[in-house]
There are 2 protein chains.
Amino acid sequence: MCNHCVIENVKQNMLSRRSLFKGMAFAGAAVAAGGVSSPVLAQQTAGKVVDLTHAYDESFPTFDGNPGIEYEWAVEFAGNGYQLHKLTIFEHTGTHIDAPFHFSADGKSVDQIEPQQLVAPLAIIDITDRAKEDANATVEAADVEAWISANGEIPEGAVVALRSGWAKKVSEPAFRNDGEGKFAFPGFGKSATDLLATLNVAAIGVDTLSLDPGNSADFAVHNSWLPGGRYGIECLNNLEELPVSGATIMVGAPKHKRGTGGPARVLALV
Amino acid sequence: MCNHCVIENVKQNMLSRRSLFKGMAFAGAAVAAGGVSSPVLAQQTAGKVVDLTHAYDESFPTFDGNPGIEYEWAVEFAGNGYQLHKLTIFEHTGTHIDAPFHFSADGKSVDQIEPQQLVAPLAIIDITDRAKEDANATVEAADVEAWISANGEIPEGAVVALRSGWAKKVSEPAFRNDGEGKFAFPGFGKSATDLLATLNVAAIGVDTLSLDPGNSADFAVHNSWLPGGRYGIECLNNLEELPVSGATIMVGAPKHKRGTGGPARVLALV
């Protein structure tokens, strides 16, 4: 993304946030005075909620190529007046979390991620143009440094997401494979995640199937980032709707005990 | 909760939010000037994230009494260097969503709930004292009116939660049953939800197993609220940590297609 576009995005984001503050401050004053609190609604509508989650079912692409979810009716509507499914879900399906426990025998399970790490500033590193030329394009340390030069420091506890344009391919074979059927999609390079670890970033996110690029031979990022006690988010959607700086991400990680991760609802406020 | 406590809570919440605004505005200015954006961190730490979600496993209480989740290793760590589960999950397990499709043959499934309805002002109606005397205590229209008199209007799109103190019983038989083994827990009365529907509230939430009280014979709230296109949240945790007015709820509803609901990650910012 060009510098001009970055600046324009930040400006627009600030304008939106200033309306938000105004609404929130007014709401606070109204509540304190015992008056109506409907301006709180302005607080909600002035900010835009962007859904970073793909809707998924049996057809959603998975890393191993098998369906990630299966449905069975546990109770059917006819004769009961209500209905519910028994689901079979492989943890790493859809827009989902990789907990440290996914790549370490004793790391934090998904329920043990601190709630404070689930609501965070979101920094987006855009490599869409590069990914058009190279399906296995990576974010490297130099990209992180360029982002910082353009946008300022990445705060501790932030989530840093790679934006490659891949989410738009989710219904095509190209989301997962090249023309010869080999894995091919963008990911993080270890030089980038090693740098992000020193900045105490909470999580990294990708709009592809894996934190590592499709042609990774050693899952170097999975094998270093996750055992380091940090988490990852895979298969993010709609990052194109966000500025590269200024959004807040809300990561609705599942909370089953002993989980290595799982399908999540990820939203952003901008 | 006494009026004095309500006022104190609101005051404290406002103070917290004002620090938040200050941090956010400063962050915006720093970013615009091309300076460091670390004050964005203040934006995150000035506000408190409260986790409204129970961690759950096979032992978590369910409505039908059967385990709501089962685990099987799909890939084991030994020999692979990573691990993941194949989970069997009944949709209405743990802290979870009831989508309209749960109680209507053609209602919105959980993936169809508007993202804008998942980030909302949270109003809490406290009936803890009453629930100590009557395990099947309900929130009725008069309680909603009393909340409005004390705290101001409930904005459109809000989430209204019942707080009964039941979350603290989650590991005891009393979370679900009375001494004779009959369902017994607080819930919403239909007079309350009929009123909330006229106010265009997005969702109701409970810290118990069901939107209807344990002794409900007809699931009147499920049968009217959900087919009306609104959603519910059951088994909320930690509502005691929030003021009755002023918090923002973030509902990480699952996003599997055709879902009648499912385990969710629910957070609040205060």
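Predicted model: local features only at pLDDT ≥ 70, side-chain atom pairs only at ≥ 80, totals over all residues.
Helices (H or I, at least four residues) and strands (E, at least two) are taken here as DSSP runs, numbered from the N terminus.

Residues are numbered from 1 along each chain as its sequence is written, chains are lettered from A and ligands numbered from 1 in the order in which they are written, and side-chain values use heavy atoms, with hydrogens and water left out.

**Chain A in outline**

Chain A holds six helices and 13 strands. Of its 270 residues, 60% are buried, where buried means under 20% relative accessible area, exposed means over 50%, and partly exposed lies in between (1.4 Å probe, protein chains only). Among the contacts in chain A with a separation of 6 or more, 71% link residues 24 or more positions apart; a contact means heavy atoms within 4.5 Å. The chain exposes about 10200 Å², and carbon and sulfur atoms supply 52% of that area. Accessible areas come from the Shrake-Rupley method with a 1.4 Å probe, and for residues only the protein chains shown count as cover.

How do α4(A) and α5(A) lie, and at what angle do they pack? Helix α4 (residues 141-151) of chain A meets helix α5 (residues 190-198) of chain A at about 50 degrees, with their axes 6 Å apart. Axes are lines fitted to C-alpha atoms, for helices over the stretch in contact, and angles run from 0 to 180 degrees between N-to-C directions. The two helices are therefore oblique to each other: angles under 35 degrees count as roughly parallel, over 145 as roughly antiparallel, 65 to 115 as roughly perpendicular and the rest as oblique. On the α4(A) side the contact is made by A:Ala141, A:Val144 and A:Glu145, and on the α5(A) side by A:Ser191, A:Ala192, A:Leu195 and A:Leu196.

Strands of a sheet pair through backbone hydrogen bonds, either parallel or antiparallel. Here four strands form an open sheet in the order β2(A)-β3(A)-β3(B)-β2(B), with antiparallel pairing; two strands pair if DSSP finds at least two bridges between them. At the edges stand β2 (69-75) of chain A and β2 (69-75) of chain B, each pairing on one side only. On average, neighbouring strands of this sheet are turned by 15 degrees against each other, direction ignored.

Within chain A, A:Glu70 has A:Thr88 in β3(A) as its bridge partner. In chain B, strand β9 (residues 203-206) is covered on both faces: B:Ala203 and B:Gly205 on one side, and B:Ile204 and B:Val206 on the other, are all buried. B:Leu162 stands opposite B:Val206, and B:Ala203 stands opposite B:Tyr231 in β10(B).

| Strand pair | Bridges | Direction |
|---|---|---|
| β2(A) and β3(A) (residues 84-90) | six bridges | antiparallel |
| β7(B) (residues 159-163) and β9(B) | four bridges | parallel |
| β9(B) and β10(B) (residues 231-234) | three bridges | parallel |

**Back to Phe219**

A:Phe219 has a positive phi of about 45 degrees although it is not a glycine, and this residue is partly exposed, with a relative accessible area of 29%. B:Phe219 likewise has a positive phi, near 45 degrees. It is found in the loop between β9 and α6 (220-225) of chain B and is partly exposed at 28% relative accessible area.
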